[in-house]
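Colleague: I would like to learn how to read the strands, the domains and the ligand surroundings of a structure such as this one. Could we go through them one feature at a time?

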Amino acid sequence: MILEWVSYIVFYLLAAVFSVFLAYCLYVHHVHQKYDHIPGPPRDSFLLGHVPTFARAMKSDSLIHDLFVQWGEEYGPVFRMNSFHQTMIAVHCPEATKTILMSPKYLKDPFVYKRLFNLFGKRFMGNGLVTAADHDVWYRQRRIMDPAFSSTYLRGLMGTFNEMSERLMDHLEEIANTKTPTIMHDLVNCVTLDVICKVSLFFPLIQKEDSNNTTARIKVTPTYFLCINKSPQTSINWSNVTKKSGMSYISFDSKFLFFASEEEKVNSAKDHEQMLDNFVTFFIAGQETTANQLSFAIMELGRHPEIYKRAKAEVDEILGTKRDISYEDLGKFTYLSQVLKETLRLYPTAPGTNRWLHEDMVINGLKIPGGCSVAFSAYVSQRMEKNFKDPLKFDPERFDVNAPKPYYCYYPFALGPRTCLGQVFSQMEAKVVLAKLLQRFEFSLVPGQSFDIKDTGTLRPKSGMICYIKHCS
Ligand code: HEM
């Protein structure tokens, strides 16, 4: 009798599982039918879609973005990718890029960005500025943050950019002419970290390794970035700082400080969380991206002596032996700006963005049914022959004032309302670091190192750019 009951239960359970599986398969089939008129690479399997191809590409240590470039050339500017029941449409047509990215009505794809909400099961970027998919949640934060990136405020940061770059110069001074190979990526990383710490926390947290271990450090915990100041700078009068800056601060404990504008008072746990999300967001979005750009710029200057020479000549002409770079000087670095723009063309350190297409749209003559994710890859768009002739050639002349302006095919900082908030900040910082480096030192790349790209969410040079440093002759 019991056996009979058990076999009934097992039977009905199996039937239920089978029905759910069948329903899911039918749904996947329906999704395929809806989007299969859009060209795309063959799926590896009905259920997994292209997931095995992505997994193989990642395992083989090759760059997944190069596969997307290849698909872009093969299947055209609009192509389809599947993963289980989800479809993602890659779009590289300037008109559609303009329509979608420039409009506030196409929101970020919540399914894509929710992957950054948590990391290893712990809150990561949460609902911060980069990841907030809800328009109101994002808009409220952007309105608060915008003034901190106004030209008046940024002009006031020149002192910080100079001061933090000087630390790098001091370090290079010590090792110059010693023939010690130096990993430039680590050094520029310290500068951008110093800068972001100083501007967000009003004192520099990262200092050179010191054996006494008394300097302040940043420690990444799985939960949050905690700022641990091992030797608290008690001379800082925080109430003065807050009065001057118009910010209030909340101290979680004696070591961990957090700032907010008066407008963003921490009234509830939710606001509290929001501030922490932005704290993490600024460390991720505002630090690595610029450091990686600087490393790639050093790499390309090292590989192109004639471009290096011209950039250095410009810096020498504008700065001479002057130590501090002014805001006005930055505007004069025309060629250096071209070098930095071309660096982000070949190496967009934040390679793309996604939007949710909620309604049907015709792109490049193809009907795209609403209800899917649309991917815009700056990496692909900026490496397509039809957008940039001889795309793999590093050529700052593409950004000469007389050259034709790229039409919605160059977007290393994304475009439209969700464009990078720190664009100007980052390029001011990058110019100061690079100009000082060119002014004071000669660098050459250690032979035999790889020029491959490493994808860690942001793109960076795999080898870390190992250089020999000399004083300028
Ligand atoms: C070379 C340096 C940088 C590059 C290439 C870069 C690129 C980007 C890109 C592509 C996005 C859009 C991301 C997406 O849609 O998923 C973005 C957003 C953002 N970036 Fe940057 N970024 C850089 C530096 C910075 C810096 C220095 C800061 C802050 C100090 C910053 C703050 C932000 C913020 C807050 C957002 C979100 C904006 C919003 O959605 O309203 N970025 N950045």
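Modeller: Let us begin with pairing, keeping in mind that this is a predicted model: two strands count as paired if DSSP finds at least two bridges between them. In this structure two bridges join β5 to strand β17 (residues 466–471), and the two run antiparallel. Within that pair, T182 stands opposite C467 in β17.

Colleague: In what order do the strands of the open sheet with β5, β17 and β14 lie?

Modeller: The order is β5-β17-β14, three strands with antiparallel pairing. The edges are taken by β5 (182–183) and β14 (441–445), each of which has a single partner strand, so one side of each is left without a neighbour in the sheet.

Colleague: Which strands stand at the edges of the open sheet of four strands?

Modeller: That sheet has the order β1-β2-β13-β10, and its pairing is mixed. At its edges stand β1 (78–83) and β10 (352–357), and because each has a single partner strand, one side of each lacks a neighbour in the sheet. Direction ignored, neighbouring strands of this sheet are turned by 30° against each other on average.

Colleague: Is β13 largely enclosed or left open by the rest of the structure, and why?

Modeller: Burial is read from a count of neighbours, a residue being buried if 20 or more other C-beta atoms lie within 10 Å of its own. Five of the six residues of β13 are buried, so this strand is largely enclosed by the rest of the structure. For the protein as a whole, 33% of the 473 residues count as buried.

Colleague: What does the domain assignment give, and how many residues of domain 1 are in contact with domain 2?

Modeller: The domain assignment gives domain 1 (1–36) and domain 2 (85–207 + 220–232 + 265–471), with their C-alpha centres 48 Å apart. Five residues of domain 1 are in contact with four residues of domain 2, and the side of domain 1 that touches domain 2 divides into four nonpolar residues, no polar residue and one charged residue.

Colleague: Which residues come nearest to the ligand, and which element gives the most to the shell around the ligand?

Modeller: A shell can be read first by its residues, then by the elements that supply them, and finally by class. Here G286, T289, T353, C420 and G422 come nearest among the 23 residues around the ligand. The elements that give two or more residues to this shell are α11 (269–303) and α16 (423–440), and α11 gives the most, with seven residues. By class, the shell has 12 nonpolar, nine polar and two charged residues.

Technical notes:
Residues are numbered from 1 along each chain as its sequence is written. This is a predicted model: local features need pLDDT of at least 70, side-chain atom pairs count only at pLDDT 80 or more; totals for chains, interfaces and linings use all residues. A residue is near a molecule or strand if its C-beta atom, placed from the backbone, lies within 6 Å of it. Ala, Val, Leu, Ile, Met, Phe, Trp, Tyr, Cys and Pro count as nonpolar, Asp, Glu, Lys and Arg as charged, and the others, Gly among them, as polar. Domain bounds come from an automatic or database domain assignment. Two residues are in contact if their C-beta atoms, placed from the backbone, lie within 7 Å. Axes are lines fitted to C-alpha atoms, for helices over the stretch in contact, and angles run from 0 to 180 degrees between N-to-C directions. A residue is buried if 20 or more other C-beta atoms lie within 10 Å of its own, exposed if 12 or fewer, and partly exposed in between; C-beta atoms are placed from the backbone.
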